[in-house]
Amino acid sequence: MKKLIVLICALTVATACQQKETRYTQQSPEIDAVKKLIADYNAMDYSMEIMADTAKTYFNSKEPISNEDLMAYHKQNDANYSKRAFLDEDQEYEMVVTDDGETWVNCWLDWECTIAKTGKVVKMPVHLTYRFVDGMIVRQLGYWDPTEIVLELQAIEQKESEAAAEEAMDDAES
């Protein structure tokens with residue numbers, strides 16, 4: 001009987017001391033990789049070394065963007081700004097392992113830009129999430145409300161269109 005009790009105690013201690021898999025953390029190599037990706041974005045470096053070749057990106061859409069198209073997407077948007085970056089303050093990162101064993105890094109960031117043609121500063125919260133497989137990002141999702149920027153760019157386009165029409169009318173009159 002004593003042996004049975006000692007055996008049960010030994011098993012209890014052994015199982016209690018086993019490391020459980022981390023399901024949630026705020027410090028991991030994957031989080032560090034995402035922070036580097038954000039820093040590269042801020043530096044306008046779109047090398048995306050941490051992205052798998054077959055990675056799919058979804059920004060406010062159900063339609064995927066390939067890595068090649070993602071570079072063009074960023075460069076096209078950058079043309080509208082004299083300055084843009086994710087801000088350093090109030091950044092939150094977490095890594096989770098789902099019940100299915102998928103590794104995801106979520107981040108909540110504040111992003112700021114200055115519209116090149118008007119100098120208007122726009123700040124917005126952004127949520128990004130990244131799925132990792134074998135240390136590489138295979139899926140990237142981003143969600144934000146672009147309304148303020150879209151309206152500002154539409155107003156610029158409207159003013160430029162009106163100015164061009166006015167100039168055409170002046171040329172036609174002379």
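Me: Quick one to start: is Phe86 buried or exposed?
Reply: Phe86 is buried, at 9% relative accessible area. Buried means under 20% relative accessible area, exposed over 50% and partly exposed in between, with a 1.4 Å probe and protein chains only. Bear in mind that this is a predicted model: local features need pLDDT of at least 70, side-chain atom pairs count only at pLDDT 80 or more, and totals for chains, interfaces and linings use all residues. Residues are numbered from 1 along each chain as its sequence is written, and side-chain values use heavy atoms, leaving out hydrogens and water.

Me: Thanks! How many aromatic pairs does the structure hold?
Reply: There are five aromatic pairs. Rings of Phe, Tyr and Trp (its six-membered ring) pair if their centres lie within 6.5 Å; planes under 30 degrees apart count as stacked, over 60 as edge-to-face and the rest as tilted.

Me: And why is the pair of Tyr41 and Phe86 called tilted?
Reply: Because the planes of the two rings are at 55°, with the centres 5.2 Å apart. The pair ties together parts 45 residues apart in sequence, since Tyr41 lies in helix H2 (residues 29–42) and Phe86 in strand E3 (residues 81–86). Helices (H or I, at least four residues) and strands (E, at least two) are DSSP runs, numbered from the N terminus.

Me: What else goes on around Tyr41?
Reply: The charged end of Arg84 sits over the Tyr41 ring, 3.7 Å from its centre; that label needs NZ of Lys or CZ of Arg within 6 Å of the ring centre and within 35 degrees of the ring normal. Tyr41 is buried too, at 12% relative accessibility, and ring pairs link Tyr41, Tyr46 and Phe86 into a cluster.

Me: Switching to backbone: where is Met48, and what is its phi?
Reply: Met48 is in the loop between H2 and strand E2 (51–59), with a positive phi near 50°. Met48 is buried, at 12%.

Me: How about Asp134, buried or exposed?
Reply: Asp134 is exposed, at 77%. Its place is the loop between strand E6 (121–133) and strand E7 (136–143), and its phi is near 50°, a positive value in a residue other than glycine.

Me: Last topic: which strand does E4 form a hairpin with?
Reply: With E5: the hairpin has five residues between the strands, and Gly101 takes a positive phi near 85° there. E4 (residues 92–97) and E5 (residues 103–115) pair in the antiparallel sense over six bridges; pairing takes at least two bridges found by DSSP. Val97 stands opposite Thr103 in E5.
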